[in-house]
Amino acid sequence: MTEIFGIPIQALMGQLMLGLVNGSFYAMLSLGLAVIFGMLNIINFAHGAMYMAGAFFAWMGLTYWGIGYWWSLILVPLTVGVVGVIIERTMLQWLYQLDHLYGLLLTFGLALMIEGAFRYFYGSSGLPYSIPEELTGAINLGFMFLPKYRAWVVVVSLVVCLATWFVIEKTKLGAYLRAATENPRLTQAFGINVPLMVMLTYGFGVALAGLGGVLAAPAYAVSPLMGSNLIIVVFAVVVIGGMGSIMGSILTGLSLGVIEGLTKVFYAEASNTVVFVVMVIVLMIRPAGLFGKEK
Amino acid sequence: MKNINKNPLALAVCAAFGLAGSLVTASAQAQVSDNVVRIGVLTDMSGAYSDLAGTGSVVATQLAIDDFKAKNKVSWAIEVVSADHQNKGDISSNKAREWFDRDKVDVVTDLVTTSTALAVMKVAKEKNKIALISGAASTRITNEDCNDVTVHWTYDTYAVANGTAKAVVKQGGKTWFFLTADYAFGQSLEKDATDVVNANGGKVLGAVRHPFPGSDFSSFLLKAQSSGAQVIGLANAGTDTTNSIKQAAEFGVTPKQSLAGLLMFITDIHSLGLATTQTMYLTEAFYWDRNEETRAWSKRFFDKQRKMPTMVQAGLYSATLHYLNAVKAANSDDTQKVMAAMKKAPVNDFFAKNGTIREDGRMVHDMYLMQVKKPDESKYPWDYYNVRQTIPAAEAFQSLAASKCSLVKK
């Protein structure tokens, strides 16, 4: 068997593939965060809680009302988006002019409350959610056994990420959005409803987290802690990619997943620190992040 | 607190008051200090282990107090306080200090992770108070780190590894690979299981240590898969174990290789479902459906908590009741007197029959090897286990001869 640095190439390829799968989750979540930060200047700490809520809504849909996985993929992000819109209208909209810290504290508090509520009602052990029948089984890639479901996650997240990037960077709607961020007053003077756009942007950002939650439900246990386990890494991804940079967070998400995967091959104990080591190095060399622009 | 720290004079005044206060109480009563026995349940209220301990531990403690009061008329009152130790050593030792120093707590119980248990044991020794550990697992508690004010009640890594690993090796699972949570508990579990595997003619091919807590175990499972071992030993607990099992099925690791959950609780089986866990072996100190007595108590517990009790919660009931009986027997809440009374009397309740507390602080009792039922064998809710073997107390735990505890006279 061929080996690289004493590691069989099969194992290495397998870990790279898994890194890509995890990276897809990072990419989708950090994308939502980046969109929200870019447009609203809010550091959305409730993102992990929204991701968790997405997974729980999928579970509730199936358990209480018999709504299957495929419908959940559409309905849950919508529901989470509506929750986001309500939060934006009732709480966040008063904070845009204030320091970042206020938004951070508010969303952090919200995250704790949402998590606490789910933990109270559903416990911490997690609930089972099975993989939809169409996606059970695995593909034999020669070097590894890739579950179809994981491959599906990569595909969906890539499609969603690229579509988001396209809409924001290449369409007229995206141009309005970017203009509204750059100079809200002037944009409003042109007759564009800026508060509406901001509201929808927040709704869309958290809907992405909700979608991430639905995708995660069959892969991990649906548990109230799933969001907080992930959110810190995702924040690190956004910081590395550059706050507010759309393409930056997609690429950084994927590549950090891969780096993490490689760490698991060579020194597994460091796998949950490696992201932060990268963050420190990047911040020392490029304080605005890899793809960010200094303001 | 900040203000007090800033002003050393204020601190001195407080200390003086505290001293005077304790003198007054010491002379006012002869037996139970301030006429109240206070039990502090320090547990995981919010983290990965809050289902297997958490509020259920408080319920179990309350049941023990109710049962004690129903049988005994005593002049002193019993109070319970509880707090979340967040599975962190520093938080738990701070809380224990606060309880011992300020709130006059006599005994701290539960302590769900090894890190919190080791931290609180030290504080208890320093303050000459008692620690009754039900949740934590490491054998360090009764070996290197043992002391004379601690009792390790329910189980330990040796007992669960011994039961499960022995059974699996006997079934033909000769080669092993460990998936280990990278902290004191996981390492201790891996070490104890390795010893058992080697002693029974098996072979350990390797181990991978994952960060705690984790959510994605696929990479580690892939490593375990490429090792070619027949059995993958899961030296982790809680959501780490449930996620490992779920993902092992997804990546086609099982059923080609089999999994051995070295520390699993009934709440984990409940969370994963029988379809995923069927025919797995596990070792527990308690199963609610084992006999009439366990069923009767568990039903009372279920009525309050809406979940069946885990061994941690059942063990905590047993420990609390035994402690209260010892206070009554000693007619004092003095730590040394109560510890002597606890060690003198055998433990007899639904949880343990003729259990004894050894000088290293280990409460020894029977353990049970369970096999998870197939979905079609399960007839009613929480009907999950077949009890395959009762492991007698003498074999279930590490022998005193092998102990590294300094209190053991050799």
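Helices (H or I, at least four residues) and strands (E, at least two) are DSSP runs, numbered from the N terminus. This is a predicted model: local features need pLDDT of at least 70, side-chain atom pairs count only at pLDDT 80 or more, and totals for chains, interfaces and linings use all residues. Residues are numbered from 1 along each chain as its sequence is written, chains are lettered from A and ligands numbered from 1 in the order in which they are written, and side-chain values use heavy atoms, with hydrogens and water left out.

**View 1. Helix α1 of chain A.** Helix α1(A) covers residues 9-40, 32 residues in total. From first C-alpha to last, α1(A) reaches 45 Å, close to the expected 46 Å. The expected span is 1.5 Å times one less than the number of residues. Of the 32 residues, 25 are buried, so α1(A) is largely enclosed by the rest of the structure. Buried means under 20% relative accessible area, exposed over 50%, and partly exposed in between (1.4 Å probe, protein chains only). Just after the helix, N41(A) takes a positive phi of about 60°.

**View 2. An aromatic cluster in chain A.** Ring pairs join F56(A), W59(A), Y64(A), W65(A), F118(A) and Y122(A) into a cluster. Rings of Phe, Tyr and Trp (its six-membered ring) pair if their centres lie within 6.5 Å; planes under 30 degrees apart count as stacked, over 60 as edge-to-face and the rest as tilted.

**View 3. A tilted ring pair in chain B.** Over all chains, the structure holds 28 aromatic pairs. In the pair of Y317(B) and F350(B), the ring centres are 5.2 Å apart and the planes meet at 45°, so the pair is tilted. Y317(B) lies in helix α13 (residues 311-330) of chain B, and F350(B) in the loop between α14 (335-344) and β11 (356-357) of chain B, so the pair ties together parts 33 residues apart in sequence. Y317(B) is buried, at 5% relative accessible area. F350(B) is buried too, at 8%.

**View 4. Strand β8 of chain B and its partners.** Five of the five residues of β8(B) (residues 231-235) are buried, so the strand is largely enclosed by the rest of the structure. Both faces are covered: V231(B), G233(B) and A235(B) lie on one side, I232(B) and L234(B) on the other. Strand β6 (residues 175-181) of chain B pairs with β8(B) in the parallel sense over five bridges. Pairing takes at least two DSSP bridges between the strands. L234(B) is the bridge partner of L179(B). Strand β9 (residues 258-261) of chain B also pairs with β8(B) in the parallel sense, over four bridges. There, L234(B) stands opposite G261(B). From β8(B) the chain crosses through helix α9 (residues 238-250) of chain B to β9(B), in a right-handed β-α-β crossover. Right-handed means that, with the strands pointing away from the viewer, the path from the first strand over the helix to the second runs clockwise.
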